[in-house]
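Open the model in your viewer and keep the selection tool ready. We will go from contacts to a core, then to a helix and a ligand.

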Amino acid sequence: MTEEALLRISQRWARRLLILAPAALTILFAACSDPQTTIEPRSDMTEAIQGVYEIVFWLSMFVFVAIMLLTLWLAVRYREQPGREAIQIHGHQRLEILWTIIPVAIVLIMLVPTWQVIADTTDTPPENSMVVEATGKQWWFEFKYPDLGITTANELHVQAGRPVHVKLYADDVIHSFWIPQLAGKVDMVPGHENDLWFTPNDDSAREEAYLGQCVEFCGASHANMRFRVFVHDEAGFNAWAENELSDALEPTTELGQLGATLFVVRCAECHTVRGTAASIADFGPDLTHIGSRETIAAGILDNNFENLVKWISNPAEIKPGIEPENDIIDKDPPLRFMRAFEDEISAEDIQAIAQYLTELK
Ligand code: HEC
Ligand SMILES: [Cu+2]
């Protein structure tokens, strides 16, 4: 290839880069509004982690820029010249000591605050914490508030400025609990309690939920195992808790009343709706106030009539792996998956049940 042709190609690439660079930057910055971001901390725990991250980031930047500048300078300053011979520095004691001490110092600067944060986050939770027992199950999260007497699923409610102590458990396999903006990843291990605590920032209360999810591969629907965290102010939290504590509402529509009857027959073997005949089993999420949740099926579907119908008809279509043949009965507690009710009951009956669930605010 001629030199001219090469030049043309490199110019073409330079032009392409000029066009692509802004596009790439746009994508990069668009990612900044990602609700799963770790770099917009909203609690004491994630702020502490962010502090370490910033130290590591800026130190790395400093090393990168310094090395690049030095390399450039050396390449120019000591470029090949006729008659010049390289000086050998092998075994140069002062240099050897210097380039041992500098990296050690850099690592120490990163190590000390990292250690501090690890110690702080694995110490003991604050005395006045609100306790939540979170249990990972294939493929959803159960949340219990033992002091308040609340049991719910997939949507965790906390209060801005009030420490939360989350006790982490698992019923079947190892899961992991992560709320990128509020709490670092901690494993949920069968037969073992792990602990995590954080205080949502005073100004972190908002309408929109913070996203959380399982971050340990736990089977076919691992990626479909998410949860939401609602941070309230004090009044908002108390209102939520009060509603959760009340028994289920009576359905007001005729369809809903039919649904309530069908529910007891068809669904009570796995689900509880407190205040009704369906209040024994807990293989599946507590549905007492399912109508007030934003999502169903562990954050996978918006909570509305159509999606409830779809879910009850055939949950495995939405979450692969939910098939009764995967049940493990000889286990304590047994593992039981929800089956496809379109095989068992009519479409009208499924709609009646879905209507009932929407009324369980
Ligand atoms: C054999 C046990 C079993 C039966 C019977 C059963 N379910 Fe489920 N159900 C589950 C399990 C387990 C889950 C959690 C699945 C998941 O999210 O991965 C679930 C989830 C749900 C959810 C989503 C809850 C949430 O918090 O997101 C709804 C709604 C639901 N079931 C409704 C019903 C209805 C209505 C019936 C009766 C027609 C029924 N279920 C029968 C086990 C069962
Ligand atoms: Cu999981």
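Two residues are in contact if their C-beta atoms, placed from the backbone, lie within 7 Å. This is a predicted model: local features need pLDDT of at least 70, side-chain atom pairs count only at pLDDT 80 or more, and totals for chains, interfaces and linings use all residues. Residues are numbered from 1 along each chain as its sequence is written, while chains are lettered from A and ligands numbered from 1 in the order in which they are written.

**Stop 1: a leucine.** Select Leu 357. Leaving aside residues up to four places away in sequence, Leu 357 touches Leu 287, Ile 290, Gly 291 and Leu 308.

**Stop 2: the core.** Which residues touch the most other members of the largest nonpolar core? Select Val 166, Val 229, Ala 298, Ile 353 and Leu 357; the core has 55 residues. Such a core is a set of buried Ala, Val, Leu, Ile, Met, Phe, Trp, Tyr and Cys residues joined through C-beta atoms within 7 Å. Buried means that 20 or more other C-beta atoms lie within 10 Å of a residue's own, again placed from the backbone. H8 gives the most to this core, six residues.

**Stop 3: helix H6.** Helices are DSSP runs (H or I, at least four residues), numbered from the N terminus. Select Leu 308, Trp 311 and Ile 312, which are buried in H6. They cover an arc of only 95 degrees around the axis, so they sit on the same side of H6. The arc is that of the directions from the helix axis to the C-beta atoms. Among what covers them are helix H7 (315-318) and H8.

**Stop 4: the ligand.** H6 also gives the largest share of the shell around ligand 1, three residues.

Key
Helix = DSSP H or I, 4+ residues; strand = E, 2+ residues; numbered from the N terminus. Buried ≥ 20, exposed ≤ 12 C-beta atoms within 10 Å, placed from the backbone.
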